[in-house]
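Here are a few notes from going through this one, in the order I'd look at things. Have the viewer open as you read.

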Amino acid sequence: MADNSNIRFVLFLALLAYAAPLCFSKKSTLSPYFYKDTCPNATAIVKRVVEKAIEKDTRMAASLLRLHFHDCFVKGCDASILLDSTKNITSEKGSNPNRNSARGFEVIDEIKSALEEACPQVVSCADILALAARESTNSSGGPYWEVALGRRDSINASLIKSNKNIPAPNSTFKTIFDKFTEQGLNITDVVALSGSHTIGKARCASIKQRLYNQTGDSKPDLTLDKSYADQLRAKCSNSGKDDQKVFDLDNSTPTTFDNRYFKNLLDHKGLLNSDQVLVTKNNESLALVKKYADDNACFFEQFAISMIKMGNINVLKGSHGEIRKQCNKEARLIKNARCVTFKQRLYNQSGDSKPDLTLNQSYADQLRTRCPRSGGDNNLFNLDIYNYTPKKFDNSYFKNLLKNKGLLSSDQVLWTKNGTKTKNDKKSQELVSKCADDNDCFFEQFAISMVKMGNIKVLTGSDGEIRKDCRKINGNDA
């Protein structure tokens, strides 16, 4: 493991530079100590699982580092890359940069499982990706940096942006530079972060163009060292049969995080075109390549600074996004509702083209901005907007109702109902008021009611069965 003592102070200052403006709002703060009270062993848990995974498969270090990069460049560092496709989501896993290439999802799932056991629904998947990238780098001999935590998880993904925003292996220097600057990164970040290719592998399909048809004239990339190119062609044919074969990005020290990558570029032995152009197409990037090739400590210092910078791209904080229970699934059903479920309240409550007058007017106006009369049906809204407490099961819901800010009509009628008041109406109002005033009373009655509900028409004794697979009746394999 590398000696990082000389760069810790610089990295701390870099962390402050990107996190300090957020420190005046507790709910919007990114801090290395974000989970100090709520999940104090979070970092240790991530480190343990990552180190175990790398011990089993050394390539996993690069894979986890790459997941963080491919996540941040799409919609920001929000763990959108981890989401599977659903009726409302098209997964980024199927994009050109990720399909048959992105890996390490099972390690992230293992980390999340361990964290959920230790501190349920506290640590975000976005923070897991950021921590796993740091631990993967450090465990491979690279630098250590403080990771500012407090990111939240997205509730959607973008296949389009995944295809658009992530540089391809055959990208030109201008394309790479433009895609980085769109994320607020500069040329120093481009070169330093490209240094992550000191570990990991790439498929034959990603380098084949360089070997056989670089510019469409059926000729190879002449900037690639000829003897190295011959070695690659011996195992990466132009026929397509070898497309899934993998090659070390750094053929000198492939599992050690060091500055050998930059020395390879100066020897014209960069595996990917997107790496070699740092030397052949821009003088400023060439100067940085030479600098890092000569000074490993300098590379480590800048890599850590650039990782901190990248890890802060468009993060979700405070009440934005969510904390997923499973990293591949959005948890929105717990605390969100779609526009379509309450649109009638906003525009046509009783069929007379008038809104629900029991809904707080200012709240209704806020809702209409994102839930228009036409369209926006799948836009999501928090069920609990009062003193937003996403990590806490509490009585805020009832306080919403007292302020006529129940999102759903089926909720608000517990407090305010159109028409004649009945005995049950009065009773529900008394209970809402009581639960709003006394959280402990709500908790006690909720538990009693859950026990009661859990005993509805249960099958016991010889009735029913014990399924082998919860989704199938025993003996029915259809």
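1. Start with the contacts of His 70. Leaving aside residues up to four places away in sequence, His 70 touches Ile 81, Pro 97, Asn 98 and Ile 166. Keep in mind that this is a predicted model.

2. His 70 sits in helix H3, which covers residues 60-75. Its relative accessibility is 4%, so His 70 counts as buried, the cut-off being under 20%. The UniProt record, an unreviewed entry, puts the feature "active site" at His 70.

3. Now the largest pocket, with a volume of about 960 Å³. Its lining comes to 40 residues, and the ones nearest the centre are Arg 66, His 70, Pro 169, His 197 and Leu 272. The elements giving two or more residues to that lining are H3, helix H7 (173-181), helix H8 (187-194), strand S1 (201-203), helix H12 (273-280) and helix H14 (296-310).

4. Which element gives the most to the lining of the largest pocket? That's H3, with six residues. Sorted by class, the lining has 20 nonpolar, 13 polar and seven charged residues.

5. One more helix to check is H10 (residues 226-235), where Tyr 228, Ala 229 and Leu 232 are buried. Viewed down the axis of H10, the buried residues fall within an arc of 100°, so they line one face of the helix. Lys 226 and Ala 234, on the other side of H10, are exposed.

6. What do the buried residues of H10 pack against? Their partners are helix H9 (204-212) and strand S2 (246-248).

Terms used. Residues are numbered from 1 along each chain as its sequence is written. This is a predicted model: local features need pLDDT of at least 70, side-chain atom pairs count only at pLDDT 80 or more; totals for chains, interfaces and linings use all residues. Side-chain values use heavy atoms; hydrogens and water are left out. UniProt positions are given in the numbering used here, feature names are shortened, and annotations may be inferred rather than shown by experiment. Helices (H or I, at least four residues) and strands (E, at least two) are DSSP runs, numbered from the N terminus. Buried means under 20% relative accessible area, exposed over 50%, partly exposed in between (1.4 Å probe, protein chains only). Contact means heavy atoms within 4.5 Å. The arc is that of the directions from the helix axis to the C-beta atoms. On a 1 Å grid over the protein atoms alone, a cavity is a set of points where a 1.4 Å probe fits but cannot get out, and a pocket is an open set with protein on both sides within 12 Å along at least five of seven lines; lining residues have an atom within 4 Å of a point. Grid points are joined across faces, edges and corners, and a volume is the space filled by probe spheres set on the points. Ala, Val, Leu, Ile, Met, Phe, Trp, Tyr, Cys and Pro count as nonpolar, Asp, Glu, Lys and Arg as charged, and the others, Gly among them, as polar.
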